[in-house]
Amino acid sequence: MANILVVDDELGIRDLLSEILNDEGHSVELAANATQARAARNGGIFDLVLLDIWMPDTDGVSLLKEWAASGQLTMPVIMMSGHATIDTAVEATRIGALSFLEKPVTMQKLLKAVEHGLAKNASTPAAKPAVTSIGMPSAGAAHVNDTVGSINDVGIRPLASLRSQADSMPDAHQDFDLDRPLREARDGFEKAYFEFHLAREGGSMTRVAEKTGLERTHLYRKLRQLGVDLGRSRRG
């Protein structure tokens, strides 16, 4: 899970981006202008910032310059705008922005940009070569062991548990009683269909919407209509 700051003066865009990113398991903080963005940055550390260029108080490029000058540009920043010029995008990149998203921001472009930004943030300098002594584990091996221990500590389950979870997944091939009214048979199939994909995608409405080709609003309405329990499939 990443900590992401979304800065945009349009409420609808803030809500949309927040919903998608929250659905992906990220923690999202919202800012409606540069003043709120400054306060958020001063009070916390973010793994990624989505920053609108045109805002009523201070534009995003100027805010980017402030962060760069004060040493606060320590995280990847993705600029957003619906009517920025190429020169503006180039200037933002020169100052330190990672990339530029053109509005309206599609879900696929957003998730790809966020994935790229977080991967950039997670990259670290190459580790020093491991020094191996006779009878002693190498530093690399020790690092692997420490990593495995850390993974287990934060809730990654052992293989047996993962197998058990896989066994509890809905079966991709199910039998349906066709000797009933068409509407009931169709609803039964659709409920099983959506429950299967929700379980496989860990409850991510974003990925299920992308997989099934439905708009998120339509998908939510459909699941409520079918009585699908979203809580059962939600990620832990």
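At what angle do the axes of helix H3 (residues 60-70) and helix H4 (residues 86-95) cross? In this predicted model, local features need pLDDT of at least 70 and side-chain atom pairs count only at pLDDT 80 or more, whereas totals for chains, interfaces and linings use all residues. Residues are numbered from 1 along each chain as its sequence is written, and side-chain values use heavy atoms, with hydrogens and water left out.

The axes of H3 and H4, which are lines fitted to C-alpha atoms over the stretch in contact, with angles from 0 to 180 degrees between N-to-C directions, come within 10 Å and cross at roughly 10°. The two helices are therefore roughly parallel to each other, a term applied to angles under 35 degrees. Their contact (heavy atoms within 4.5 Å) is made by Val 61, Leu 64, Lys 65 and Ala 68 of H3 and by Thr 88, Glu 91, Ala 92 and Ile 95 of H4.

Helices (DSSP runs of H or I, at least four residues) and strands (E, at least two) are numbered from the N terminus, and the chain has 11 helices and 5 strands. Of its 236 residues, 35% count as buried, that is, under 20% relative accessible area with a 1.4 Å probe, protein chains only.

In helix H8 (residues 182-200), the end C-alpha atoms are 27 Å apart, which agrees with the 27 Å that its 19 residues should span at 1.5 Å a residue, the expected span being 1.5 Å times one less than the number of residues. Buried residues of H8 include Glu 190, Phe 194, Phe 196 and His 197, and H8 is followed by Gly 202, whose phi is positive, near 65°.

Definitions and conventions
Angles under 35 degrees count as roughly parallel, over 145 as roughly antiparallel, 65 to 115 as roughly perpendicular and the rest as oblique. Buried means under 20% relative accessible area, exposed over 50%, partly exposed in between (1.4 Å probe, protein chains only).
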